[in-house]
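Start with the model itself.

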Amino acid sequence: MRLKDALFNWLQIRVVWDARPQDRSAEDTTRFFHDMLIQDHGVEELEATKDAQEYVVRYRLNGEEHTERFPREQVEDLLKSIQSEPKYNQSFE
């Protein structure tokens, strides 16, 4: 998996886990992508912030600081899909 794709997947599921802290699957998947970023890509100091239009992921790679930007709507699509599906919300009501 390309680094940018792994960053996006980590960010997207992290947003789900932040919104649904009791969602064990979201937690496990967030940790999976976090571990992939560290072990497979050598990422360090991973963090994400957001504003009205985008998410910004900052990370270190080989001692250098890097930034990736992702449209907020695209990142939050997974959360919206999960929230709109009743079968995924039964244990979190």
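Two strands pair if DSSP finds at least two bridges between them. Strands (E, at least two residues) and helices (H or I, at least four) are DSSP runs, numbered from the N terminus. By that rule, β2 and β3 run antiparallel, joined by eight bridges. Glu54 stands opposite Pro71 in β3. Two residues separate the strands of this hairpin, where Asn62 has a positive phi near 55 degrees.

This is a predicted model: local features need pLDDT of at least 70, side-chain atom pairs count only at pLDDT 80 or more, and totals for chains, interfaces and linings use all residues. Numbering runs from 1 along each chain as its sequence is written, and side-chain values use heavy atoms, without hydrogens and water.

Now the helix. α1 has 17 residues and reaches 24 Å from first C-alpha to last, close to the expected 24 Å (1.5 Å times one less than the number of residues). Its buried residues (under 20% relative accessible area, 1.4 Å probe, protein chains only) include Leu3, Phe8, Trp10, Gln12 and Trp17.

Gln12 lies in α1. Gln12 counts as buried because its relative accessibility is 14%. Leaving out residues up to four places away in sequence, Gln12 touches Gln74, Val75, Asp77 and Leu78. A polar atom of the Gln12 side chain lies 3.3 Å from the backbone oxygen of Gln74.

Methods
Buried means under 20% relative accessible area, exposed over 50%, partly exposed in between (1.4 Å probe, protein chains only). A polar contact is a pair of N or O atoms within 3.5 Å; within protein, one must be able to donate a hydrogen and the other to accept it, and residues adjacent in sequence count only if both atoms are side-chain atoms. Contact means heavy atoms within 4.5 Å.
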